[in-house]
Amino acid sequence: QVQLTESGGGPVQTGGSLRLSCVASGAVYGSNCMGWFRQAPGKEREAVASIWTGGTTGYYADSVKGRFTISQGNNKNAKELQMNNLEPEDTAMYYCAFAPRDEYCSTKSWIRWSDAWGQGTQVTDSS
């Protein structure tokens, strides 16, 4: 079983930046896919970004391309999502997710294979 611990998030003004972090622990074996999805009130879940175990970026939603960057540190189980130039439409609860299969990591479908999720962190445009 995989556990995900998230940190970061909070209020931010339009145009500001935030960084989210996620660390996976437990039964993290082999190739996998990690990333974030978000959900705003009254809206469907949206895959935001993903990254393969080796640190190669998999997927970005069109709405965040050029503004968000997903990365992996020296610890391959630790990922970060750098969010720049935040917009009111980015306001949502952000969840880190882990998928034990990486075949779909380059598409938004990677979310369907996720079987572990973080507790979520709120990102709010406070402008």
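**Figure 1. Secondary structure and overall dimensions of the predicted chain.** The chain holds zero helices and eleven strands, where helices (H or I, at least four residues) and strands (E, at least two) are DSSP runs numbered from the N terminus. This is a predicted model, in which local features need pLDDT of at least 70 and side-chain atom pairs count only at pLDDT 80 or more, while totals for chains, interfaces and linings use all residues. Residues are numbered from 1 along each chain as its sequence is written, and side-chain values use heavy atoms, with hydrogens and water left out. Along its principal axes the C-alpha trace spans about 40 × 25 × 25 Å. Buried residues, meaning those under 20% relative accessible area with a 1.4 Å probe and protein chains only (exposed is over 50%, partly exposed in between), make up 46% of the 127 residues.

**Figure 2. The open four-stranded sheet.** Four strands in the order S1-S3-S8-S7 form an open sheet with antiparallel pairing, two strands being taken as paired if DSSP finds at least two bridges between them. Strand S1 (2–8) and strand S7 (68–72) stand at the edges with a single partner strand each, so one side of each is left without a neighbour in the sheet. On average, neighbouring strands of this sheet are turned by 15 degrees against each other, direction ignored; the axes are lines fitted to C-alpha atoms, for helices over the stretch in contact, and angles run from 0 to 180 degrees between N-to-C directions.

**Figure 3. The hairpin of S7 and S8.** S7 and S8 form a hairpin with five residues between them, and five bridges join S7 to the antiparallel strand S8 (residues 78–83). Within this pairing, Phe68 has Met83 in S8 as its bridge partner, and Gln72 stands opposite Lys79 in S8.

Figure 4. Thr53 lies in the loop between strand S5 (46–52) and strand S6 (57–60), and with 14% relative accessibility it counts as buried. Leaving aside neighbours within four places in sequence, the residues in contact with Thr53 (heavy atoms within 4.5 Å) are Gly30, Ser31, Asn32, Gln72, Lys76 and Lys79.

**Figure 5. Strand S9 and its partners.** Six of the eight residues of strand S9 (residues 92–99) are buried. S9 pairs in the antiparallel sense with strand S4 (residues 33–39) over seven bridges, where Cys33 stands opposite Ala99. Its antiparallel pairing with strand S11 (residues 121–125) has three bridges and sets Ala92 opposite Val123, while that with strand S10 (residues 116–117) has two, Trp117 being the bridge partner of Ala97.

**Figure 6. The largest nonpolar core around Tyr94.** A nonpolar core is a set of buried Ala, Val, Leu, Ile, Met, Phe, Trp, Tyr and Cys residues joined through side-chain atoms within 4.5 Å; of the 37 residues in the largest one, Leu4, Trp36, Leu81, Met83 and Tyr94 touch the most other members. The largest share of this core, six residues, comes from S9. Not counting residues up to four places away in sequence, Tyr94 touches several residues, including Leu20, Trp36, Phe37, Val48, Phe68, Met83 and Val123.
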